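Subject: Structure handover

Hello,

Here is the structure for you to look through. My notes on it follow below.

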Amino acid sequence: MGGLRGLARVSKKYDYDAFISYSRDAHGSEEMAKALQEGLQRLAKPWWARRALRVFRDSTHLPAGPDLDADIKKALKASRFFILLATPRSAVSREVGIEVRNWQAIHERAPDAGRTGFLIAWLDGDIGFTSDPPGIDWRPDRTNALPAELRGWLSGRPLAAKLKDLPQGEGELTLRNAEFASLVATLAAPIHGNRVEKDDLVGIDLAEHRKVRRLGRAAITVVVLLGLVATYFVYRSETEGGRADHAESVGLSRQLAKESIDRLMENPAASAQLALASYAASPTPQSKAALMASLDKHRHVVSYVRKPDPLPSANVPASAPPRAKVAVSPDGNTLAYVGPNERQISLWDTRKNRPAGVLRIPRGELHTLDFLPDSRHLLSHNGQALTMWDVSRRTQISTIGHHESYYPIVSVSPDGEYAMAVDGKAATGPRVWHIGTRRQVPVAEPPFALGPEFAFSPDSTQLLAFRRNDDSAPWPLMAYNLQDRSWEETGIDSAFGASVSAASGSRVALVAHGRVQLWDFNRRRLIATTPAPEAPYQNVTISRDGRRVFAADRYQVYAFDGQLKNRSTLTRHISDVLSVGVSSDGAMVASTALDAGVTLTSPALDRRGEITQTLELAAPADTLAVSTDGQWTALAGERHVEVRDAASRVRRVLDTGKRGDRRRREIFVALNQGGERIATLAGSTLRVQDVRTSGIVLRQDVVQGNDYMYGTEGVQFMPGGQDLLVDAENGPVVIGLDSGRVRQQLPISLPGSGFVTSRDRTVVAVLQQAAVHESEIAVYRWSAQEHRLLRDRTITATGLAHRMTLDGHGTRVAVANRDGDLQILPITEGPSAKAGRAGITADLAFSDDGRMVVGYDSYASRLQIWDATTGGDIGIWEELGVPLAIDNPEGGNLLEALPRGTVTFSNGLTAPKRADIAPWRWQDTLCGLGLPEFSERERKQLYGDKNIRPLCD
C-alpha cells in the first residue's frame, strides 16, 4: 500500500477532479449524485485535508437554455474526469446530452484522453456489453441507459460501476456501507491515478479513520472531563429553560397558524407567510393545517411577479385613473407589465420564472399595453401616442399613431392587422390603425350613442360595441364594418348597461348585469351565461381555442371552461383588479390590481401535485398498486391492467386473464419491488406476468374470499418476490411462485376478511373478528428463512372495522369503522390516537414517513389528511379531478403512498395523479412562489422578541 503518497494531486491546470452529469427527472438520481459526490470527496481523505478529491455537481434546478450554462461549461473544461450517472432518463435528457457533447468537443484534439476520463455510474436501466470485440452492445433491447452521443465515440469497454442493485434506503448511500464504498472506490481509483489500486484506497481510508479516531480520543478525553464538570451545573437550568422555550414556540406556532387561517380568504399571500412562520416556529399540527390550506389557496399560482405597493389609495388622488396593466404574449412565454407612474415596461420570462429585461420610454408615463399575435411585438400607449416594440430585441420600432387620452384602452385585432385605441372615460369613438402601413382607418361617427367599451369581431373585420338606450330596453350589439365603413345591428341584444369584453374564434363574451354571456357570433346564438356573481364580473377574456374563459370580480380572478362551468379561482388580490392578460391557449394568466401587485397563474397548474392530468384509462379500474420503490404504478379493471413507469411515462396494457366469471367484479393487483412482475387476482384466476414481455410466470385457479373488509389488497408479493400472499376463500394463503403450491394457510375465524401489508411487506394485518362494538386484528410478521408468516399479536379496534392500512414498517395501523370513525393504533408500542371521520368510501394510506394518514374519497374527489401521532385533522383538499358519478363504496383500494412525501391516486377513470402530502414539500412549494417578506415592523408585531428563522431559508 502506497499510503497517502500514492494519491494523485489535482493538476494546477484543473479546478476539479471530476464532473458528475445526471438527469434530475430520473427517480433517485439527485440523491445518488449527491451521495457519489460526498463519497468521492471523503474516501481516503487525509485527516488534515478538507477533501480527497474535488467533484463538481450541478445542484441547481434551472433548465438549460439554448447553450449550456456558462458556469457548467467552465466546470467541464476545468475537470479531469467525466462521470455519467446512467439511467433511461439521462439517456434522453437534453441537458445530459449537451454536457456529453461539450466534453467531446473539449477533447476533440485528444479524443483518447476524453474517453479515458469518461466513467459510468450505472444506476438504472440496461447497458449491454460485447466480448468480441469488447465494447457496448447498442441494440435497443440491450442498452437504454446511455445517450446516443456516445455511440461511435466510446471505444472498448468503459469503466462502469454498477449502482443499480445497491439498496437506497436511509443510511445505505454512505461510506459506512461496504458495498457502496467499494463502488465509490471503483470510480475513485482511476481519478487518483495508476499508482493507487482500488483495494489500496479502501485500506488508506480505513487507516485515516483510525488515525483520526486516535487523535479524537485524546481530545475527547480532555473535553469530556471538562464537560462533566460544567454539565452538572447547567443541566437543571437548561432543562427547565428548554421546556419553557419549547412551550413558547408551540404557543407561537399555534397563534400564527390561527392568524394564517383567519387571513386566508382576504389576503392569501400574507396567509402563506404566516403559515410558513408558524411551521418555522414549531411543526405543530396547526402549522401543518395552515400550510395545507394555504397551498390549496395557491394551487394555480405560478409566481408573485411584482410585490404590491403599500397603501396605494393614500398616494393616488381619487380622480386619477389606475394605470397598472399586464399583457401575456400569445405563446405564453413572456409577461409584460407596467405599474403606476412608471416609464418602463417590465418583462418576465414565464418559462424560467425570472425577469427578462425592461423596455424604457424616453418621455411620458405608460398607461396600457397589448401583444400582437406573433408574440414578438408589443403595443404600448403613453397617453399621447401608440408605440410598437420588438420584445425579442428590447427595442422601440415606431409610432403607430397619435392619440391623446388620459385613460387609454388599447387592443389588437385577432389577426394582428389592426390596432385600436379608445378613451375609456370620454364619449368619443375608437381610433383604428392598420399596423403594417401605420395608416389610420377612418371610423364613421354613428348616429347613436355607444357604450364605452369596444372589441374586434372574431374575424377582425368589424368593431363591436353596444348602442345605448335611454330607457330600460335591451341594448343591441352593433358592428362597424372596417371595409364598408358602415354600422349595422348584429341581431344580438343584451340587458341594459351591457358591454362587449372579448372575442376569439367564433365566440364573443359580453357582460350584462355583472354576468358573463358567451355567444356564438357566427350563428348569433347564446351558448351560456354565468350565475349571478357575488360581485360584477369584468376583464373578461377568451382563449383562442374557446376552451377557457377568464373573468375577474373586484378582487379575484376566475377561470371557466368553454361552457362557463367548472369555475376555479386562480388568485385573489388585496385591492381592486385592474387588468388581466391571457395567453392564446389560456395556459398562462397574469393579473394586476390597484396596488400594482402582479400575479402569474395557470389553470393547468396545481401546486398540490400532479393533479391536472386527465388522460383516460383504456378501461375503468377498481384497484391501484405501486411497486415498493415507487417507480411503477398499476391500475386494474375488469379485464385489463395498465402499468405505468413514473419516470418515462411508458404505458403497458396487460390482460388479467378473467374469462366468463360473473360472480365478482373486484380485481386485485400487486407489483413486486422493481416493477418487473405483476400479480392479478381476477374472479377465480390468479395470474403472475412479466411486465415487459407479458409472459406468464404463474397461472392457477384460486377461490376468492367474500371480503368483509373493503380496500383489502387481495394479492401481494412478499419480501424477496418468491412468494405471494393471496386472499382465498378460507383466509389468506402463502403461495410459492416456483411451485405454485400453498406454503401456508392463515388460521382465522372470519373467512374472507381481507388483509393489508406494510410498505416493506414484512408485516401483515388480517381482520380476525368483527362485531358491532369491537374488532380484532391479527398481526403477522414475515420470516424470510421459513417463507412463512409468524403470528405476532392481536390488537383491538373500536366498532365494526371497515378499512385499514399499515405504516411503512408495520408499527401502527389505521382503522376506519363502519360509522366512519378513524383510529390510529400502535402495534409495537406508543399511544393510540382517535382522529376525525374518514367516511366509508375513503381509501386509507400512511405517508412514507408514517407521520400522516391520508384518506382519498374518489366519489367526492377529496383528499383528507390527519396527523398520525395526535390524530389531529390537518385538512381537506377538494377538486382533485372529476368525481365519480357512481356510488360503489365496495371497490378496491385506489390510493397508495409513494416515497418522499407523496401519494398517488385515481378515480378509476383517469390515469394516476400525484399529491404532495409532506409539510416540507408544502413549505418548499410556497417558498418558490416569490412571496413578499414581512417588514421589520410586521415581524416585530407578529413574533415579538421570538427569533424566527427566515421563512424560506
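**Helix crossing**

The model is predicted: local features need pLDDT of at least 70, side-chain atom pairs count only at pLDDT 80 or more, and totals for chains, interfaces and linings use all residues. Residues are numbered from 1 along each chain as its sequence is written, and side-chain values use heavy atoms, without hydrogens or water.

Helix α2 spans residues 70-77 and helix α4 spans residues 94-106. Their axes come within 10 Å and cross at roughly 45°. Axes are lines fitted to C-alpha atoms, for helices over the stretch in contact, with angles from 0 to 180 degrees between N-to-C directions. α2 and α4 are therefore oblique to each other (under 35 degrees is roughly parallel, over 145 roughly antiparallel, 65 to 115 roughly perpendicular, the rest oblique).

From α2, the contact uses Ile-72, Lys-73, Leu-76 and Lys-77. From α4, it uses Glu-99, Asn-102, Trp-103 and Ile-106. Contact means heavy atoms within 4.5 Å. By class, these residues are four nonpolar, one polar and three charged. Nonpolar covers Ala, Val, Leu, Ile, Met, Phe, Trp, Tyr, Cys and Pro; charged covers Asp, Glu, Lys and Arg; the others, Gly among them, are polar.

**The chain overall**

The chain holds 11 helices and 63 strands. Both are DSSP runs numbered from the N terminus: helices are H or I with at least four residues, strands are E with at least two. Of the 953 residues, 55% are buried (under 20% relative accessible area; exposed is over 50%, partly exposed in between; 1.4 Å probe, protein chains only). Take the contacts between residues at least 6 apart in sequence: 52% of them join residues at least 24 apart.

**An open sheet**

Four strands form an open antiparallel sheet, ordered β8-β35-β34-β33. Strands pair if DSSP finds at least two bridges between them. β8 (301-306) and β33 (577-582) are the edges. Each has a single partner strand, so one side of each lacks a neighbour in the sheet. Neighbouring strands are turned by 20° against each other on average, direction ignored.

β33 runs antiparallel to β34 (residues 589-593), with five bridges joining them. Ser-579 stands opposite Thr-592 in β34.

**A hairpin**

β13 (residues 368-371) and β14 (residues 377-381) pair antiparallel over four bridges. Asp-370 has Leu-379 of β14 as its bridge partner. Five residues lie between the strands of this hairpin, and Ser-375 takes a positive phi near 65°.

**Backbone points to check**

Most residues other than glycine have a negative phi, and most peptide bonds are trans. Which peptide bond is cis here? The one from Asp-132 to Pro-133, with omega near -5°. Pro-133 lies in the loop between β5 (128-131) and β6 (134-137).

Two arginines also have positive phi values:

- Arg-524 has phi near 55°. It sits in the loop between β27 (515-520) and β28 (525-529). Arg-524 is partly exposed, at 32% relative accessible area.
- Arg-761 has phi near 65°. It sits in the loop between β49 (755-757) and β50 (763-770). Arg-761 counts as buried, at 9% relative accessibility.

Best wishes
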